[in-house]
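Let's take a friendly walk through a protein model. Have a look at the picture first, and then we will explore it together.

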Amino acid sequence: MKDQILIKATDLFLTLGFKSVTMDDIATEMGISKKTIYQHYSNKDQLVEASTMHLFETISCGIDHICDLGNNPIEELFLIKDFVMKNLKNENASPIHQLQKYYPKIHKTLMIRQFDKMGDCVIVNLEKGIEQGLFRKEINTPLIARFYFAGMTSLKDPEIFNLEQFPSKEVQIAYLEYHLRGICTQKGIQKLEQLL
């Protein structure tokens, strides 16, 4: 039952937002009593934290799987973007922004874990791209990895990227193209243009 609650709560939080969803909403959606939820999660904060870490682990495992497929680094970044967007569901609810605003400690923990995971993943991707002649060999990989992480994080801020003016999918593709055009060799640009 605990896992079922976690899965349903994560789905609702992503669809409607962390602030918007109540314990009553989760209980109603599952056809159980609120008391049943409280037997497994003592309060909403605990459930939000569990949901956030569950989602992080799900996405991390998916990214690891994509990295193991052996695609070239440019294709790999596009596959990761598609996978993450699919798992984050309805960006209109701004779940990450709500998490930052209403659950700042949980958000900070998530950002640290994301940076550790994504930083390593991006550096490996960059090094692979350099080896394959797709990325320029003189790039500073730790710095570029941080640029990429900072940019990806800011894309989720609705105050910077208003969703009505800048649809999430369009922003993600534009950012990925922006990142790649800055680091690609001519050979890499050709691969990128084939994908676009």
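Leaving aside its neighbours within four places in sequence, which residues is Phe13 in contact with? They are Phe18, Val21, Ile26, Lys44, Leu47, Val48, Ser51 and Pro95, where contact means heavy atoms within 4.5 Å.

This is a predicted model, in which local features need pLDDT of at least 70, side-chain atom pairs count only at pLDDT 80 or more, and totals for chains, interfaces and linings use all residues. Residues are numbered from 1 along each chain as its sequence is written, and side-chain values use heavy atoms, with hydrogens and water left out.

Phe13 is also among the residues with the most contacts inside the largest nonpolar core, which has 23 residues. A nonpolar core is a set of buried (under 20% relative accessible area, 1.4 Å probe, protein chains only) Ala, Val, Leu, Ile, Met, Phe, Trp, Tyr and Cys residues joined through side-chain atoms within 4.5 Å. Helix α1 gives the largest share, five residues. Apart from this core lies another, of 21 residues, including Phe78 and Leu134.

Helices here are DSSP runs (H or I, at least four residues), numbered from the N terminus.

| Helix pair | Angle | Axis distance |
|---|---|---|
| α4 (44-67) and α7 (104-131) | about 5° | 10 Å |

That angle makes α4 roughly parallel to α7, a label for angles under 35 degrees. Axes are lines fitted to C-alpha atoms, for helices over the stretch in contact, and angles run from 0 to 180 degrees between N-to-C directions.

How values were computed:
Helix = DSSP H or I, 4+ residues; strand = E, 2+ residues; numbered from the N terminus. Parallel < 35°, antiparallel > 145°, perpendicular 65-115°, else oblique. Buried < 20%, exposed > 50% of the residue type's maximum accessible area, 1.4 Å probe, protein only.
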